[in-house]
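Visitor: I have a model open and want to learn how to read it. Where do we begin?

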Amino acid sequence: MTDSEALKIMESLYEDNPLAERFKEPVQYLNNRKQTEKWVRDEFIAKGGQPKDEYPLYAVLGYSNWIENHLSSFDIDRIHIPLSIFTELDISFTYPDSMVTYLLGMDKHAVYYQPEYHGKIFTLSEVNLLANMYGAPEEKWRTALLEGMGPYIEYIEAQIWNHKPLLAYLGTR
């Protein structure tokens with residue numbers, strides 16, 4: 001997909017709500033997305049990850065009240081995928097959303113920055129340790145966001161770098 005095609009799609013998705021407001025400034029969002037994806041990919045590789053695909057598929061680990069409460073204007077489906085179909089080499093995680101944690105990690109604003117998990121990429125085994133230490137994000141973690149970044153977000157984002165296990169799993173259902 002070309003950048004101009006991506007920008008047209010983003011323009012069509014813009015609505016005045018917390019989930020779609022990211023598309024209000026599509027050029028800025030696209031630039032931020034590219035920068036964030038490069039950071040996630042590079043950090044994942046540095047931790048031993050072996051992306052098979054150029055770009056990840058994004059998912060949420062577990063459940064997110066915040067996303068569920070803001071989906072009303074989107075036509076989406078939910079699927080439940082066991083983590084056991086992936087290896088350490090296939091999938092990375094961020095808390096919260098990769099763009100948000102990247103920005104919080106860069107800025108390190110005293111009120112918002114949580115050094116335990118902001119600005120970090122986690123592997124499959126690390127995210128299990130993190131969840132054991134802190135519980136589920138919606139239970140104990142809170143990420144207050146900077147002006148213009150939206151409300152609290154409490155979920156772990158998964159970046160699937162090898163689409164084959166996912167496609168094989170979905171093909172067997």
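Guide: With a cut-off. A residue is buried under 20% relative accessible area and exposed over 50%. Keep in mind that this is a predicted model.

Visitor: Which residues of helix α7 are buried?

Guide: In α7, residues 163-171, they are H163, P165 and L166. Seen down the axis of α7, these buried residues fall within an arc of 165°, so they line one face of the helix.

Visitor: Which residues are exposed on the other side of α7?

Guide: There you find K164, L167 and G171.

Visitor: What covers the buried residues of α7?

Guide: The cover includes two strands, β1 (57-61) and β3 (156-160).

Visitor: What happens at the start of α7?

Guide: Look at N162. One of its side-chain oxygens comes to within 3.2 Å of the backbone nitrogen of K164.

Visitor: Now the rings. How many aromatic pairs does the structure hold?

Guide: Four. To classify one, check the angle: planes over 60 degrees apart count as edge-to-face. F23 and Y29 show 75° between the planes and 5.3 Å centre to centre, so the pair is edge-to-face. F23 is buried, at 12% relative accessible area. Y29 is buried too, at 14%.

Visitor: How is the aromatic pair of Y95 and Y117 arranged?

Guide: Edge-to-face, with centres 4.8 Å apart and 85° between the planes. Y95 sits in the loop between β2 (91-94) and α4 (98-107), and Y117 in the loop between α4 and α5 (124-134), so the pair ties together parts 22 residues apart in sequence.

Visitor: Are Y95 and Y117 buried or exposed?

Guide: Both are buried.

Notes: Residues numbered from 1 in each chain as written. Predicted model: local features only at pLDDT ≥ 70, side-chain atom pairs only at ≥ 80, totals over all residues. Heavy atoms only, no water. Buried < 20%, exposed > 50% of the residue type's maximum accessible area, 1.4 Å probe, protein only. Helix = DSSP H or I, 4+ residues; strand = E, 2+ residues; numbered from the N terminus. Arc of directions from axis to C-beta. Contact = heavy atoms within 4.5 Å. Polar contact = N/O pair within 3.5 Å; in protein donor to acceptor, adjacent residues only side chain to side chain. Phe/Tyr/Trp six-rings, centres within 6.5 Å; stacked < 30°, edge-to-face > 60°.
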